[in-house]
Protein chains: 2
Amino acid sequence: MFLQPPPLLLFTHFLRRRRRLPHLLHVHSSSLSTLSHTLSHPIYTIWAANTGLGKTLVSAGIAASSILSSSSSSTSSKFLYIKPLQTGFPLDSDAAFVYRKIPQILQRRNPRSTLLASNQTLNVSIPAAKMKLGHNLVQGRDLSKNGFGDFGFYEERKVGEGEGVGSELICKTIFAWKEAISPHLATEREGAVVGDSDVLELLKKCLEIGVGSEGRVLSLVETAGGVASPGSSGSLQCDLYRPFRLPSILVGDGRLGGISGTISAYESLTIRGYDVVAIVLEDHGLENEVPLLSYLRNRVPVLVLPSIPKDPLDNLMEWFDESQSVFDSLKGIMLSSYKKQVDRLHEMPKKAQEIFWWPFTQHKLVSQEKVTVIDSRCGENFAVHKVKDQGCITQMFDACASWWTQGPNAALQIKLAREMGYTAARFGHVMFPENVYEPALECAELVLEGVGKGWASRVYFSDNGSTAIEIALKMAFRKFLADNKLLLDLDDSSIELKVVALRGSYHGDTLGAMDAQAPSPYTGFLQQPWYTGRGFFLDPPFVSMCDGVWKIAFPKKLHHEDIILEDTSFNSRDQVFSKSRDDSSLASIYSTYISQELLPSSGSRKISHAGALIIEPVIQGAGGMLMVDPLFQRMLVKECKSRKIPVIFDEVFTGYWRLGVESAAELLFCQPDIACFAKLMTGGMIPLAITLATNDVFESFVGDSKLNALLHGHSYSAHAVGCATACNSIKWFKDSQTNPNVILGQNLLRELWDTELVRKISFHPAVQRVVSLGTLFALELKVEDYDAGYASLCGTSLLLKLREDGIYMRPLGNVIYMMCGPCTSPRVCSQMLETLYTRLDEFRQENIQKANEI
Amino acid sequence: MFLQPPPLLLFTHFLRRRRRLPHLLHVHSSSLSTLSHTLSHPIYTIWAANTGLGKTLVSAGIAASSILSSSSSSTSSKFLYIKPLQTGFPLDSDAAFVYRKIPQILQRRNPRSTLLASNQTLNVSIPAAKMKLGHNLVQGRDLSKNGFGDFGFYEERKVGEGEGVGSELICKTIFAWKEAISPHLATEREGAVVGDSDVLELLKKCLEIGVGSEGRVLSLVETAGGVASPGSSGSLQCDLYRPFRLPSILVGDGRLGGISGTISAYESLTIRGYDVVAIVLEDHGLENEVPLLSYLRNRVPVLVLPSIPKDPLDNLMEWFDESQSVFDSLKGIMLSSYKKQVDRLHEMPKKAQEIFWWPFTQHKLVSQEKVTVIDSRCGENFAVHKVKDQGCITQMFDACASWWTQGPNAALQIKLAREMGYTAARFGHVMFPENVYEPALECAELVLEGVGKGWASRVYFSDNGSTAIEIALKMAFRKFLADNKLLLDLDDSSIELKVVALRGSYHGDTLGAMDAQAPSPYTGFLQQPWYTGRGFFLDPPFVSMCDGVWKIAFPKKLHHEDIILEDTSFNSRDQVFSKSRDDSSLASIYSTYISQELLPSSGSRKISHAGALIIEPVIQGAGGMLMVDPLFQRMLVKECKSRKIPVIFDEVFTGYWRLGVESAAELLFCQPDIACFAKLMTGGMIPLAITLATNDVFESFVGDSKLNALLHGHSYSAHAVGCATACNSIKWFKDSQTNPNVILGQNLLRELWDTELVRKISFHPAVQRVVSLGTLFALELKVEDYDAGYASLCGTSLLLKLREDGIYMRPLGNVIYMMCGPCTSPRVCSQMLETLYTRLDEFRQENIQKANEI
């Protein structure tokens, strides 16, 4: 029985008023990140499962333990307490509480030790400042913008008369509002607004205070409210602080219901990639620590604090005394965990060198110093460990887009992580054949409505580009044989099926995919003894920008006297892609050339048939980011279709916005019979590939016997987590509400690489050619012939410098490229191009110098 | 500067006393699950972000809305309210509250309508019962075990005098304790214990009440406390109820700090695979719904209830009046979401048939009814949609182990889901070459300490078994060429490298992997026009149990007069694997046979060299679950090693506990030079593969040029999520604390398939042979020759019946198999074997009947 639901009232009726929703998480990305934090001493974040659980008491307890232990051992120490967001100011000030309490505790327990304590509030909203200073005093001040001012709220005191080395307590509040409510509400009510990137930048500066100090240093950052309480901009604090990914202490809830709240808060932190090193909670007689430890399988310590006196007049000194051993223990856990982290970061390059076998890597050329230790990533940025300056974690833009797969910005990464968790919990992995489950079905639907629209009717799932290609070839050949039934009557050994393919193309690393490419550095006998190039390999014409102009470079066979000059160079890229070129004389020259190349050939023993065309539309990636003249590819597809040769588009690299459109086929104005997608399809998170096919192709496998079916499959075909990730990122990238780069109404990204900067680079004397399209910018360095090609190391010095600038790139021989994600801000791209230009100048100067020295 | 932490006090000092930790999540798996729930009407779970947020008011509000709307439209309706766990009883009883309130509301708003209301409490702890009945009354009763009794707590009343069709309100409390604390504490203090499976079984029964009723039916299950509050056994409620995965309403927190608590609770539910269809919270003037909606990107409605009167004497009638529109809206959302779910489940098979292209599937043979709709999985069980009886979601044991990959039980699945979320949030995907990051390094370390221990020194990552094999072959051939440098001086075209392989083995679907297998149904020209078997293919001897005895079946070439009978049959499997067989005469017969087969051969034009041995150790999976005589494989390895032919173990199927040991090499007592692992390595969650190699193999790629390196790699090589998942499941499976099947001190699983039952099945007249080892049980059905092999459909009717029994299997031609996970309880395996035996009898009877009819 199906129930007819009553007309559904819109739930928003119950929101008293619609308000502008904060642009959650659209932060951290408007400029190239320069965030970093030191590893010279431990820095922790204090989170809580809810408001009012005693975060500040825990902060003070750790501070006291840290300062007291050093004062009793007569070493100096520095304790840095930072409260980035404080509401209820000046009545409430967690920094002021710590500033007041620590001297009290110190004088009680070790009166002979000395301490210099300071407390500073950097940015105070006007209402909060008025409350502290009075109305008139505030009016006279010079206020910075956004409703905040720096009123010089600073106090310091020295306690103790002892001889021992003095310790230092530095308390800082970065932003303060008057009302004792959530920062996002206080922001709104007091008109004092701060963007996430400003919070992070100031926090970065504050964290630098401890660097280079002598003696023991410990820093704490105390958040406001619960882990997912909004900050000023409305971003949840667990998202806001994520780029730093500081190790965390969680203050749990010891009350009835507190087990659940503590576990959920812990999960919100871990599902954002934080490491929680300890949980600490107040005793309420319920032994909440027992189920918590069970849940944590004893992997994370849970510490229990004595009951906190409820009397507001209690100065808490006795409570701090009782809690001393707990805080000593907590501090011990923090220090040992920090030490473990730093030790591990230091040993990782050596271990990696010893036991990894990296693909495409000559291990002899990778010294230990060259190994990059990646501690985490946030959106487009790696967080990388650098050994210099006592060690730090610093951000770098992942301009190799983690090897051409990567797409998410910080917001999408968190979203996908959550969806992956959900899908793994809901489905784990479930077998695909003869089954259906939501992520696989939705993924197939989205793909057919998107990149397959208008031609594809079936979706075949596999694991990566290479397997998708092998499947595509099997499909194409079967279709070809079905269309040419006579061939089947011949003796198998007398016919040979070949592909038509373009020289310089690359379709994957498994044998079948390799056999579809022309001989290359990857295919020699030493690399792949089983390689046999099974193709008719055509030399295509390439397009690139040189000295500000887009030009076609023709292969030898095409140096045709009939080619008219105006057909071969263009002032804009749009002209290159114009469909009107079909009427040019060049189009018919291409057709003639292609027809000649497709003439049937007979090898020594077998008759070879062209059973499939396979091309990477527009850009040949691994071949060196070569742009094939789109007119040539369009003519090629046309000629093959007219001969009933099935057409495969290998969109593993080009698909899903890499070239600024969802499918590169859109740039060619023609459709394949079969197409392969992978890499960016899951947003660049995990492996999944698809091979799309027309109904005609599918029908050639339908029959009465299982033996006619396509007997190719991998265990994880259409694995749920991959499909769900694909669904989410496919939708995210094409929706202008989530991807600011999508041009509304057009299925197109706006120009990400500044046209003028690209032009400027194309004039640079160190540059041979430039290609920019969609998320890709590539250039070929001008080198002597002997130094060109895949094995070239000529760009190494240039790339190492760019890494110092915070841009992580990887060469393709003498071709270097930068890739961003489909959501990356064009401002970030421009910054990278500018940095590149500067480094190109240096690179050229060095090369000239070197040449002179020789 | 590195700080030396002080001696770390064990944090457990702060736990007042150590207690037995509840065995969280080790539930749901001790017997074959029979859980199911109807889809004939909507069933929802009510969760809350914390205790005391008004779950029961929301339940009552929905109940009132549901009953009133049907009474006003003069249709009958039934509302079922279930409180599985109630503490504070009898003073607190949420069921009693609903039972009392609804009639009040109904009489106030629609006095002419009629309602039959009942309230029942099924199992009450003795202290709670004493409180209700008095001490003496309880003592006389017959009490069930575990400290609970059914005291017949039942009340009912009829209200309204109207003519309209009467509605029904049924309230049930399943378990009740006296103290108003968390159920796990009440359990302990009152000695009234209930296991998770009992809660689920009783809940299942209660949920059946609404089935088949006329008119509108709506059921609610109200949880206790927060989402992650422990139940009676200590299992978190969000884990406890997970097998049902009922759609959910979350009661959020409108107070200060409530945004964070609500979001975290929502995330704890979603990361366990629940669908939350709406959030509802009480207004506290903070507009918490605004940031919540922003976080949810408006995809989940957030409804706001008026402030709840704090006066305990308030009968809440006015509040319910004010809330009416909110509850009507909430109920509308619940009904429409239910309808959407049911509609989707119904359309899925058809859509799947239309747009999927399943691997290894002849689409013509798959009718719409044969398509299985999988709504979710929990541990080893699918939750499957069945159309019969108005539709239901029912559990089935995934005995094809989702195509040989699957391992987790429910606890591990949730753990892996969380870790996948963490890793995706921390790393997303980061490029591997020349980089190091924790999951990849830890995974490599674990693998080398585990399956690679004693021989492997390098880890090469790829995406699936097939790619791992292609990499292995490239490694082996290079090593062979390095050992035989002379070959390199020859003209490439004059030598050919081949593999030594066993007939019936299968190494993957990409061309290189296929070329390493002997011709098979998968390799014909129509399937793979590029296939060329590039091997010396040997016929191996196979072992299986027939009529209670393990016997060797020899290939023709080995029908040797010297074979002594006592060498060829065994009373136990252990004898088959005994190393002492090396001294038998059969061992030398094997060696002689192998030596002959390895004699160098020269083909027509080229000289063929055996450049690699590749075998699936012990079991050839896709070939039909064939057990090769381990003595034969050991001799083969020995002979190849003596000839410097690199040895590859394809452990893609056999590895990671599939055969009861972490690496099947342990069963052979010999080590390879190269080995491939995939499938179960990630616990069967997502694709990841590795190729392990010795240092000698690695060294053959080290040189001055990049062109000497192994130029094979996939974009997602060593992807972080895959590596982290592998780390977690590798550790989980081998740890006897998490995997109850691991025999302490031995790296071995206990016997999962009852030896006597296996023996019994081997005698069954329908059975040709049986193999059971580790997690695998397989049998070959006795069929006429023409019906044997991969294309056979003979087992279909048997498997369809087993699906009715809740066991999901998939045939390999006339071979059928059941696989469990490494943690599956042997009791579940026995239940499956018993079911199988019964169905085999029927199967045989039917076949005899069919034969007679012909």
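**Where the chains meet**

Reply: Start with one pair of residues. A:Thr372 stands opposite B:Asn435, which belongs to β15 of chain B. The model is a predicted one. This pair sits in a strand pairing that crosses between the chains. Strand β12 of chain A, residues 372-378, pairs with strand β15 of chain B, residues 435-436. The two run in the parallel sense, over two bridges.

Now step back to the whole contact. It takes 177 residues from chain B and 179 residues from chain A. On the side of chain B that touches chain A, the largest share comes from helix α10 of chain B, residues 317-355, with 13 residues. That side of chain B divides into 96 nonpolar, 55 polar and 26 charged residues.

How do the copies relate? A rotation of 180 degrees, with 0.0 Å of shift along its axis, superposes chain B on chain A. The RMSD is 0.1 Å. That is the relation of a two-fold axis. Of the interface residues of chain B, 100% are also interface residues in chain A, so the copies meet through the same surface.

Next, look at helix α13 of chain A, residues 438-449. It has twelve residues, and at 1.5 Å a residue they should span 16 Å. The end C-alpha atoms are 16 Å apart, which agrees. Its buried residues are A:Glu438, A:Pro439, A:Ala440, A:Leu441, A:Cys443, A:Ala444, A:Leu446 and A:Val447. What do these buried residues pack against? In chain A, their partners are α12 (410-427), β15 (435-436), β16 (458-462), β28 (689-693) and α22 (720-734). From chain B, α10 joins them.

Are the faces of β27 in chain A, residues 674-677, covered or open? Both are covered. A:Ile674 and A:Cys676 are buried on one side, A:Ala675 and A:Phe677 on the other.

Finally, some backbone details. Most residues other than glycine have a negative phi, and most peptide bonds are trans. A cis peptide bond joins A:Phe89 and A:Pro90, with omega about 5 degrees. A:Pro90 is in the loop between β3 (77-86) and α2 (94-109) of chain A. In chain B, B:Phe89 and B:Pro90 are joined by a cis peptide bond, with omega about 5 degrees.

Two residues of chain A have a positive phi. A:Arg297 has phi near 45 degrees. It lies in the loop between α9 (289-295) and β11 (302-305) of chain A. A:Arg297 has 13 other C-beta atoms within 10 Å and is partly exposed. A:Val618 has phi near 70 degrees. Its loop runs between β23 (607-615) and β24 (619-620) of chain A. A:Val618 counts as buried, with 29 C-beta neighbours inside 10 Å.

Methods: Residues are numbered from 1 along each chain as its sequence is written. Chains are lettered from A and ligands numbered from 1 in the order in which they are written. This is a predicted model: local features need pLDDT of at least 70, side-chain atom pairs count only at pLDDT 80 or more; totals for chains, interfaces and linings use all residues. Copies are superposed by least squares on the C-alpha atoms of residues with pLDDT of at least 70 in both. Two residues are in contact if their C-beta atoms, placed from the backbone, lie within 7 Å. Helices (H or I, at least four residues) and strands (E, at least two) are DSSP runs, numbered from the N terminus. Ala, Val, Leu, Ile, Met, Phe, Trp, Tyr, Cys and Pro count as nonpolar, Asp, Glu, Lys and Arg as charged, and the others, Gly among them, as polar. Two strands pair if DSSP finds at least two bridges between them. The expected span of a helix is 1.5 Å times one less than its number of residues. A residue is buried if 20 or more other C-beta atoms lie within 10 Å of its own, exposed if 12 or fewer, and partly exposed in between; C-beta atoms are placed from the backbone.
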